[in-house]
Amino acid sequence: MSLLPAGRRNGFAHGGPPAAVTEDRLSGAGGTAPAPDRPGPPPTGRTGERGADAGGSRPHEAPGRGAGRGTPRERLRAWAELLRVSALFSVPGDALAGAAAVGRRPGRGTALAIGASLCLYEAGMALNDWADRDEDAIDRPHRPIPSGRISPAAALGAAGVLTAAGLALAARAGRPALTVATGLAATVWAYDLHLKHTKAGPAAMAAARSLDLLLGATATADVAVPGTGTPGGGGLSDNVAGVTAAATAAAVPTPGTLTASLPALPAALVLGAHTYGVTAVSRHEAQGGSTGVPLAVLATTTALAAAVLGGGERSSRATDRNAVPQPGGTPGQDLFGQDLFGRGIPGRGILGRGLPGRATDPLRLLVIGLTGAYLRTAGPPLLHAALNPSPPLTQRAVGGGIRAMIPLQAALAARAGSPVTGLAVMGLVPLARSLARKVSLT
């Protein structure tokens with residue numbers, strides 16, 4: 001879902017219409033891609049448009065008129081705008097980070113979770129524009145539905161079909177995954193149809209992102225006997241923090257139960273907190289004027305980065321002991337291997353344990369680098385919006401929040417001891433950058 005102005009927020013990934021485009025080395029567009037939500041000069045022809053076909057050449061056509069007309073390329077462009085396809089690359093990292101959090105290598109279950117997440121994400125996009133079609137007819141007549149390029153019935157039908165497809169894919173990953181996906185779908189529909197207009201909007205958006213990560217964890221967290229495969233595609237772990245298949249089998253609950261995803265809950269809370277902050281900023285992007293909210297979200301972003309980097313150096317013995325949740329002990333230690341906020345347990349942080357090894361440990365350096373990329377992407381736009389709370393800079397801060405999702409997901413995966421997964425997630429950045437130049441994030 002995009003995080004858009006009040007009445008214009010959808011799905012469970014987010015962003016706002018950008019202002020001026022400047023080069024951003026991480027995302028490829030300083031703020032976002034060219035924004036269809038900010039009408040520009042009329043197109044000059046097929047060679048005079050920037051990554052767009054003539055889909056925007058009828059920006060003020062009455063709703064319903066011309067729906068489904070135009071060349072196949074124009075219709076494809078309209079659907080790409082409606083579904084915000086350039087923001088899709090912020091979704092797979094949820095499931096991959098969830099898989100890493102339960103100490104498993106991505107497999108068939110993870111792939112099914114990613115497919116389900118993508119379908120539910122796109123359902124939220126289509127449903128948002130359907131729900132806001134009357135507002136868009138006044139404020140954004142160039143959007144696909146009010147411009148007549150896509151009919152309201154087609155958008156609502158697409159939302160329904162995509163939701164059903166997402167639930168079907170989750171069901172293939174098992175009943176627990178279907179349970180989580182059902183909660184995610186309900187959150188998406190509740191947000192788009194009602195909650196985005198209320199104070200509960202940011203919390204609903206945060207819940208959707210957290211559930212998306214837990215969906216990946218649930219679909220992946222199947223126990224494997226060493227040397228064998230698993231029905232859910234769990235396979236052997238790529239965790240390098242001292243987790244063995246036998247240790248994982250002893251610590252992870254029996255497959256088929258929702259408790260199998262509980263070790264991923266701290267990472268889900270971190271991702272949800274980031275989402276909450278970006279959604280809160282997005283509620284001011286149309287009019288601007290808020291200095292306190294960007295400052296508060298900047299402080300939250302810094303605290304989340306500190307949580308990812310939290311914890312001191314651990315010995316190899318401590319690594320082996322703390323790599324997976326240990327049975328016994330206090331309830332908090334059962335779930336996360338420690339008190340959630342590390343109270344009374346030196347060298348550990350919110351994510352359950354300190355970073356592995358010495359200061360020169362490659363995994364530690366990777367986590368530091370990925371966390372730095374997260375701060376670099378989200379922090380400066382928030383600071384600029386706080387210093388000058390104009391709509392363009394506030395919109396850029398929201399766009400930075402979307403792009404920061406990917407390095408945050410990568411840092412969480414690496415932090416869990418899965419550097420390969422973390423690097424794979426970070427590899428989505430150039431793909432997202434390439435598509436964002438053609439279709440706006442929002």
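Author: Gladly! The buried residues of helix 2 are Pro-92, Gly-93, Asp-94, Ala-95, Leu-96, Ala-97, Gly-98, Ala-99 and Ala-100. A word on ground rules: this is a predicted model, where local features need pLDDT of at least 70 and side-chain atom pairs count only at pLDDT 80 or more, while totals for chains, interfaces and linings use all residues. Residues are numbered from 1 along each chain as its sequence is written, and side-chain values use heavy atoms, with hydrogens and water left out.

Reader: What makes helix 2 largely enclosed by the rest of the structure?

Author: Buried means under 20% relative accessible area, exposed means over 50%, and partly exposed is in between (1.4 Å probe, protein chains only). Nine of the 10 residues of helix 2 (residues 92-101) are buried, so the helix is largely enclosed by the rest of the structure. Just after helix 2 comes Gly-103, with a positive phi of about 75°.

Reader: How are helices and strands assigned, and how many does the protein chain have?

Author: Both are DSSP runs numbered from the N terminus: a helix is H or I over at least four residues, a strand is E over at least two. By that count the protein chain has 16 helices and zero strands. Of its 442 residues, 56% count as buried.

Reader: What share of the contacts in the protein chain joins residues 24 or more positions apart?

Author: A contact means heavy atoms within 4.5 Å. Among contacts with a separation of 6 or more, 77% fall between residues 24 or more positions apart.

Reader: Are Leu-265 and Val-429 buried or partly exposed?

Author: Leu-265, in helix 9 (residues 265-282), has 26% relative accessibility and therefore counts as partly exposed. Val-429, in helix 16 (residues 428-436), has a relative accessible area of 10%, so Val-429 is buried.

Reader: Why do the side chains of Glu-81 and Arg-149 count as a salt bridge?

Author: The rule asks for a side-chain nitrogen of Lys or Arg within 4 Å of a carboxyl oxygen of Asp or Glu. Glu-81 and Arg-149 meet at 3.1 Å, N to O. Glu-81 lies in helix 1 (residues 72-83) and Arg-149 in the loop between helix 4 (133-139) and helix 5 (152-172), so the pair ties together parts that are 68 residues apart in sequence.

Reader: Where do Lys-196 and Asp-132 lie?

Author: Their side chains meet in a salt bridge (3.0 Å, N to O). Lys-196 is in the loop between helix 6 (175-193) and helix 7 (201-220), and Asp-132 is in the loop between helix 3 and helix 4, 64 residues apart. Both Lys-196 and Asp-132 are buried.

Reader: How do you know that Arg-133 lies over the face of Trp-130?

Author: A charge sits over a ring if NZ of Lys or CZ of Arg is within 6 Å of the ring centre and within 35 degrees of the ring normal. Arg-133 passes as lying over the face of Trp-130, at 4.3 Å from the ring centre.

Reader: What makes Leu-309, Leu-365 and Ile-368 a nonpolar surface patch?

Author: Patches take residues with over 30% relative accessible area and no salt bridge, joining like charges within 9 Å and nonpolar side chains (Val, Leu, Ile, Met, Phe, Trp, Tyr) within 5 Å. Leu-365, in helix 13 (residues 362-387), has a relative accessible area of 45% and is therefore partly exposed. The patch made by Leu-309, Leu-365 and Ile-368 covers about 230 Å², with areas from the Shrake-Rupley method with a 1.4 Å probe, where for residues only the protein chains shown count as cover. The accessible surface of the protein chain comes to about 16,700 Å², of which 64% belongs to carbon and sulfur atoms.
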